[in-house]
Amino acid sequence: WGLCSKMATFVSQNGGRVECNTRIKSINLLEKKVEIDCEIAGKQVHLTADYLISTIPLPSLISYLPDVPSEIQGTAQKLKYRSLVVLGMLVNKARVSNAICCYFTDKLFNRLDEPTIHGLKANPPDRSILLAELACNYNDDVWTFDDTLAEAIVRDIVSEGLLKDGDVLEKWKLRYRYAYTIYHVGYRKDLNTVLQYLERFGNLRSTGRQGNFNYVNMHVSMKMGMQAARELPKNDVRLYEVKKTL
């Protein structure tokens, strides 16, 4: 959280712009520019750029491009992602455990995170925050994430002895449709077909976990983004050593 905020501040201070609450409508890759139609905070916006570094999930990216051959569209749809729902909880304890995260095989949730251990601030400061993660499929019963499931997750945590009844003060429900790549038999051939099609566009680079269909951690994703930036024509962009400023 703090890292993302610092990166956004760094971008803004160096002439960049960070837009949240944005929904892409279409992407047009022309010979010398990129045109993007999107919705930002409910308003229709037309953007132009010289280059596009995309972390959009590959099936979605292909769907935004015009005149993509049906064979490529079909191949892109074979690239599947596992979804994730997260129950966020403000709890009436300064610390729940000594681990940043714990994995479980016999509970409703797969992983329990406590981000306040590594820097996230709770308010008031004598409280902690827990994140219960549940892997699921898009639009299945877990994805709908009703209050009954949320209460069952809390009971599971209490049964583990980490919390007592009444310790959860607030709850939030979060959903991530494209969380994990699913490696089906023959996925490399399908992935290469899609990536090779995208390589014909000299002003596009698709990267990251979702954009490169590569199950990597955050630090590797950041490295991939920096590498993508370094590969842009250096006469047209300003590159920074982020590690010296964050």
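Biologist: Which residues line the second largest pocket?

Modeller: First, this is a predicted model, where local features need pLDDT of at least 70, side-chain atom pairs count only at pLDDT 80 or more, and totals for chains, interfaces and linings use all residues. Residues are numbered from 1 along each chain as its sequence is written, and side-chain values use heavy atoms, with hydrogens and water left out. A pocket is an open set of points on a 1 Å grid over the protein atoms alone, where a 1.4 Å probe fits, with protein on both sides within 12 Å along at least five of seven lines; lining residues have an atom within 4 Å of a point. Here they are Pro-59, Ser-60, Ser-63, Gln-77, Leu-79, Lys-80, Tyr-81, Ser-83, Asn-137, Tyr-138, Arg-177 and Tyr-178.

Biologist: Which elements give two or more residues to that lining?

Modeller: Helices (H or I, at least four residues) and strands (E, at least two) are DSSP runs, numbered from the N terminus. By that count, the elements are helix 2, strand 5 (80-91) and strand 9 (168-182).

Biologist: What is the volume of the second largest pocket?

Modeller: The lining holds 5 nonpolar, 5 polar and 2 charged residues. The volume is the space filled by probe spheres set on the grid points. For this pocket it is about 220 Å³.

Biologist: How many residues of strand 2 are buried?

Modeller: Buried means under 20% relative accessible area, with a 1.4 Å probe and protein chains only. Strand 2 is mostly covered. Of its 7 residues, the buried number is 5.

Biologist: Which residue in strand 3 stands opposite Glu-39?

Modeller: Two strands pair if DSSP finds at least two bridges between them. Strand 2 pairs antiparallel with strand 1 over 7 bridges. Strand 2 and strand 3 (residues 43-49) also run antiparallel, joined by 7 bridges. Opposite Glu-39 stands Gln-44.

Biologist: Which residue takes a positive phi in the hairpin of strand 2 and strand 3?

Modeller: That hairpin has 2 residues between the strands. The positive phi, near 50°, belongs to Ala-41.

Notes
Ala, Val, Leu, Ile, Met, Phe, Trp, Tyr, Cys and Pro count as nonpolar, Asp, Glu, Lys and Arg as charged, and the others, Gly among them, as polar. Buried means under 20% relative accessible area, exposed over 50%, partly exposed in between (1.4 Å probe, protein chains only).
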